[in-house]
Amino acid sequence: MIVDPFTVEVIKEGLQATAQEMFIALGQSSQSPIIYEVLDYATGLTDAEGRLVAQGQGVPGFIGCLDFAVREALAKFGDRLHEGDIVAINDPFLGGGTHLSDVTLLMPVFVAGRRVAFVASKAHWTEVGGMHPGSWSPDATEVYQEGLQLPCVKVVERGRLNHALLDVIAANVRLPEQTLGDFWAQVAALKVGARRVVDLCQRYGVDGVLEAMDALQEQGYEITRRALARIPEGVYEAEDFIDGDERAGAERLPVRVKVTVRDGRMICDFTGSSPQVPGPLNCTRSVLISSVRAAFKAVTDPAFPACDGCFRPLEIVCPDGTIFTARRPAATSTYFEVDQMACDLVCKALAEVVPHRLTAGHYLSVCGTILAGRTPEGEDWLLVEPQVGGWGAAADRDGTGALFNIGDGETYILPVEVAETRYPVRIERFALNTEPGGDGRYRGGFGCIREYRVLAPTHLTASFGRHRTPPWGVAGGRPGTPNRIRIFGADGRLRWEGGRVARHPLAPGDRVQLITGVGGGWGPPEARHPEDAARDHRLGYVREEVPGPVTPPASQPQPRNGPAAAGESRGERPGGGNGADRH
């Protein structure tokens, strides 16, 4: 059967619509704000061999994960994959795993007994067990501390649910109802996707859909190859640092990439980057590939839907055992600090080569934040969210402010109203961070200041990368500013400041100030046009240092839904900042 180009386009759009419908179904069915509000998940389809053919909106960092998971299932089960099977996998060292909190479910799709495709979803479960609430922490030293591992197992077989496995999951997590609710939301998304694939096959024939999938791969390859031909051939290099800590054994961990563009291919070689570390600042090879794919898509043709064919001209080189290719049993719970850097390194190497596609350095980190506690009734509560920050300037405009990092993509911040309704917290400031930094012909985008006052005993866990090494500038543009966390007591005095913290106890009335940095500038600052500076002034963008709380609260707020007492805060040190509070 030969499918004409018009029908191929119709089927391609049908596959994209299927992936997007799966995305909507999962979000609307989930029980966790990290999924239904923040949108920390992805959905997609592969062909019968595991080649990506369509992916819905969501986390770009998952762009190379779904097909790896399908190939892992094919390698393990082969012909033992049957209609009605659903496979679960979250192992970071297998099949597209990131960290244990990101769980992939996948299902083969059969039509008339013939396997034609797989539908898959990957979602961040708020809880998968482990030594800390939220299942990730900067102080983990091995994967066994980070939660329950699902090593490519059938959770449904021939349509029959494995109740024992669900019982094991429920027994190992702090929020079993929420976790299993998210599991069923993913199942619902898979069933929506499978139904739509079957509909396409019934309308255009199985052979017609399979031919269209093959044609889509060739189309993706040809479009990418033509875009790659517009990038000047050469070797481009970049170096940077991942900000470490005491568990990593160094304050800054060197990383580097050499990007070679030649003969219609791009080779990204990360040889020479830091070895894997004892803490959770590690990622695995499939995560590295996924991150580089995001950068590669940005510099070639970001508009064409992602498919396996788009990445055929891309080769990624990195020895085993590095911070980008960690071996078991390395901890990986804060892998997002590492995989974002891989993407950022490629962008840094190519920024001046393809200035119409890339910006200067941005705040980069997910800035993952967990506030956790326990109600008087003994129930755990967990607020889990990423943060938005400043993007770098482009060659022809100022940077964008208050935007998610390159790996988070279509995600959102947790709305103030949701946070204050569901959790014993009050958000007392959510404002742009306009501190000095990121100067250039075009300035970097502004970061944000988000300030929580806790109303009950709470623990804070957070990982803010780039808390020492600021975003890079381009063509004479100045570096941006670092991300950081500040903890103030109820009296308004600064108690702690840094970039990573694990299970830090907070008393009612304490404040947590989350600060994301300004992006890097592009071009020399002295070339900035006076009209641009005047516009900033007119919009009220006063370049001032980040202030602390203006005055201590008159009285300590009473806890609501408060958990049991959580102990003392760390030792005080002077500080607290100054300047007017801006809301």
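**Loops, sheets, helices and cysteines**

Guide: Ala402 lies in the loop between β13 and α9 (416-422). Please bear in mind throughout that this is a predicted model.

Visitor: What is the phi of Ala402, and is this residue buried, partly exposed or exposed?

Guide: The phi of Ala402 is near 55 degrees, a positive value in a residue other than glycine.

Visitor: Where is Ala475 found, and what is its phi?

Guide: Ala475 is found in the loop between β16 (458-463) and β17. With a relative accessible area of 39%, Ala475 is partly exposed. Its phi is positive although the residue is not a glycine, and the value is near 55 degrees.

Visitor: Which two residues does a cis peptide bond join, and in which loop is the proline found?

Guide: The proline, Pro329, is found in the loop between β11 (314-317) and α8 (336-350). Omega is about 10 degrees for the cis peptide bond, and the residues that this bond joins are Arg328 and Pro329.

Visitor: Which strands are at the edges of the open sheet of four strands?

Guide: The strands of this open sheet follow the order β13-β12-β16-β19, and their pairing is antiparallel. An edge strand pairs on one side only, and this holds for β13 (380-385) and β19 (500-506).

Visitor: How many bridges pair β12 with β13, and which residue stands opposite Thr369?

Guide: Strand β12, residues 368-374, pairs with β13 in the antiparallel sense over six bridges. Within β13, the residue that stands opposite Thr369 is Glu385.

Visitor: What is the order of the open sheet of five strands, and which are its edge strands?

Guide: This sheet has antiparallel pairing and the order β14-β15-β20-β17-β18. Its neighbouring strands are turned by 15 degrees against each other on average, with direction ignored. The strands that pair on one side only, and are therefore counted as edges, are β14 (425-433) and β18.

Visitor: Which bridge partners link β17 to β18 and to β20?

Guide: Strand β17 (residues 484-488) is joined to β18 by four bridges, and to strand β20 (residues 511-515) by five, running antiparallel in each case. On the β18 side, Phe488 has Leu494 as its bridge partner. On the β20 side, Arg486 stands opposite Gln513.

Visitor: Which glycine takes a positive phi in the hairpin of β1 and β2?

Guide: Strand β1 (residues 41-47) pairs with strand β2 (residues 52-55) in the antiparallel sense over three bridges, and Leu45 stands opposite Ala54 in β2. Four residues lie between the strands of this hairpin, and the one with a positive phi near 95 degrees is Gly50.

Visitor: Are α5 and α6 roughly parallel or roughly perpendicular to each other?

Guide: Helix α5 (residues 176-204) and helix α6 (residues 206-229) pack with their axes 6 Å apart, at an angle of about 110 degrees. Because angles of 65 to 115 degrees count as roughly perpendicular, the relation of α5 to α6 is roughly perpendicular.

Visitor: Which residues meet where α5 contacts α6?

Guide: The residues of this contact divide into five nonpolar, one polar and no charged. Those of α5 are Leu200, Cys201 and Tyr204, and in α6 they meet Val206, Gly208 and Val209.

Methods. Residues numbered from 1 in each chain as written. Predicted model: local features only at pLDDT ≥ 70, side-chain atom pairs only at ≥ 80, totals over all residues. Heavy atoms only, no water. Pairing = 2+ DSSP bridges. Axes fitted to C-alpha atoms, helices over the stretch in contact; angles between N-to-C directions. Parallel < 35°, antiparallel > 145°, perpendicular 65-115°, else oblique. Contact = heavy atoms within 4.5 Å. Nonpolar A, V, L, I, M, F, W, Y, C, P; charged D, E, K, R; others polar. Buried < 20%, exposed > 50% of the residue type's maximum accessible area, 1.4 Å probe, protein only.
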